[in-house]
Amino acid sequence: MIVAGKHFRTIWMEGSSIFMIDQNALPFEFRIHEARTYLETCTAIKNMTTRGAGAIGAAAGFAMAQAFIESGGNQGFVEIARSETEATRPTARNLFYAVEKVFDAGMFAAENAVIEAQRLADENVNDALRISEFGNTLIKSGSRILTHCNAGWLGFVDWGSALAPIYRAHREGKKVFVYADETRPRSQGARLTAWELSNENIPHVIVPDNAGAYLMSKGMVDVVIVGADRIAANGDTANKIGTFEKAIIAKEFGIPFYVAAPSSTFDFSLSDGGAIPIEERSPDEILYQSGPDESGLNHRIRVANHTSSALNPAFDVTPAEYITAFITEKGITSASGGKFSF
Ligand code: MRU
């Protein structure tokens, strides 16, 4: 992504440090966070300094590479690091995919772990580029596209999944308009997707999470494109909470609903979405909101009844029957007959 004329990846490794765009600071401040140890990288995944399935995958691969560097050849240290990295966030398949690949590579030599983590980051970019090309063929000039959460540059190492086809279409001169669901409670749509779209000069508006039925019933949406955190063998798809209801509404109004994701998001060990682990996050994310006032001073304020708690499941699972097709780096395909094939 180009920010103020300079190209940035969302996350990268230099020496034994991991550098990442601080997604908790956006859109108010663009700053780079440095994680010097694998434990600091794990903390950055947990507290969502870096987030989104693709970026989490890259971060987890880098964390394992750091662990091999720090281990001094101590196998027990690396195994503990693996468990700790895998315990950071449970839902995105990309995290477990990267940990396994880097762990296996590092068994031969610590340098191989670093090479493998860097290779996975490059693979992440190349997959997103292919997704942008295949997805672009589904976008007509004049399309009004609804998306949920953030599956753009920031959710991957570069380009993104759901937003990548939109960036490609826009760069080719097609007219596109995006509805960005605000995506409560952490507002990845209102903060991150809207920031990315502004950065790319793509016309868009932020809409409340509960506006989907209104917009689709009024004929204001031509297509829905979302990303994914984990896709089971039958095509059932876990993505940010609220995705499933958008899929139901899209089906009701005959609007195509596409899921964009690389093969590293597919988990063929799970026959259906029922076994996908769903992360539950702190009730505080619902009960409080934070952001800067006009002078830039950050505040955290309570936005809910003082004596109530909250339930905060971070993902839901959309059954395959609601998904028109998957946009992957290998092409566009469906999960027809309850079985997925590339
Ligand atoms: O909790 P997050 O912000 O990591 O959740 C991200 C999403 O649900 C994205 O839609 C998903 O990872 C798609 S690809 C970046």
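Predicted model: local features only at pLDDT ≥ 70, side-chain atom pairs only at ≥ 80, totals over all residues.

Colleague: How many bridges join β14 to β15, and in which direction do they run?

Modeller: As a general idea, strands of a sheet pair through backbone hydrogen bonds, either parallel or antiparallel. Here, strand β14 (residues 288-292) and strand β15 (residues 298-302) run antiparallel and are joined by five bridges. For an individual pair, take G291, whose bridge partner in β15 is H299.

Colleague: What is the order of the strands in the open sheet that contains β4?

Modeller: The order is β3-β4-β5, three strands with antiparallel pairing. The edges are taken by β3 (11-14) and β5 (32-35); each has a single partner strand, so one side of each is left without a neighbour in the sheet. On average, neighbouring strands of this sheet are turned by 25 degrees against each other, direction ignored. Between β3 and strand β4 (residues 17-21) there are four bridges, and I11 has M20 in β4 as its bridge partner.

Colleague: Which helix lies across these strands?

Modeller: Helix α2 (residues 53-71) lies across β3, β4 and β5, and runs at about 15 degrees to β3.

Colleague: Which strands make up the open sheet with mixed pairing?

Modeller: That sheet has four strands, in the order β13-β10-β11-β16. Its edges are β13 (266-267) and β16 (315-318), each with a single partner strand, so one side of each has no neighbour in the sheet. Strand β10 (residues 230-232) and strand β11 (residues 237-240) run antiparallel, joined by two bridges; R230 stands opposite A238 in β11. Helix α9 (residues 243-252) lies across β11 and β16, at about 30 degrees to β16.

Colleague: Let us turn to the ligand. Which of the 18 residues around the ligand come nearest?

Modeller: They are R51, R89, Q188, N239 and K240. For Q188, a polar side-chain atom lies 2.8 Å from an oxygen atom of the ligand. The side chain of N239 has an N or O atom 2.8 Å from a ligand oxygen, and for K240 the corresponding distance is 2.7 Å. The ligand has 410 Å² of accessible area on its own, of which the protein covers 100%.

Colleague: Is T147 buried or exposed?

Modeller: The reading rests on a cut-off: a residue is called buried under 20% relative accessible area. T147 has 1%, and is therefore buried. T147 belongs to strand β6 (residues 143-147), and its side chain reaches the backbone oxygen of I225 at 2.8 Å. Not counting residues up to four places away in sequence, T147 touches several residues, among them A162, L163, V178, Y179 and V226.

Colleague: Where is A169 found, and what does A169 contact beyond its neighbours within four places in sequence?

Modeller: A169 is found in helix α6 (residues 164-171). With a relative accessibility of 0%, A169 counts as buried. Its contacts, leaving aside neighbours within four places in sequence, are N136, I139, K174 and V176.

Key. Residues numbered from 1 in each chain as written. Heavy atoms only, no water. Pairing = 2+ DSSP bridges. Axes fitted to C-alpha atoms, helices over the stretch in contact; angles between N-to-C directions. Contact = heavy atoms within 4.5 Å. Near = heavy atom within 4 Å. Polar contact = N/O pair within 3.5 Å; in protein donor to acceptor, adjacent residues only side chain to side chain. Areas by Shrake-Rupley, 256 points an atom, 1.4 Å probe, with all protein chains shown as cover. Buried < 20%, exposed > 50% of the residue type's maximum accessible area, 1.4 Å probe, protein only.
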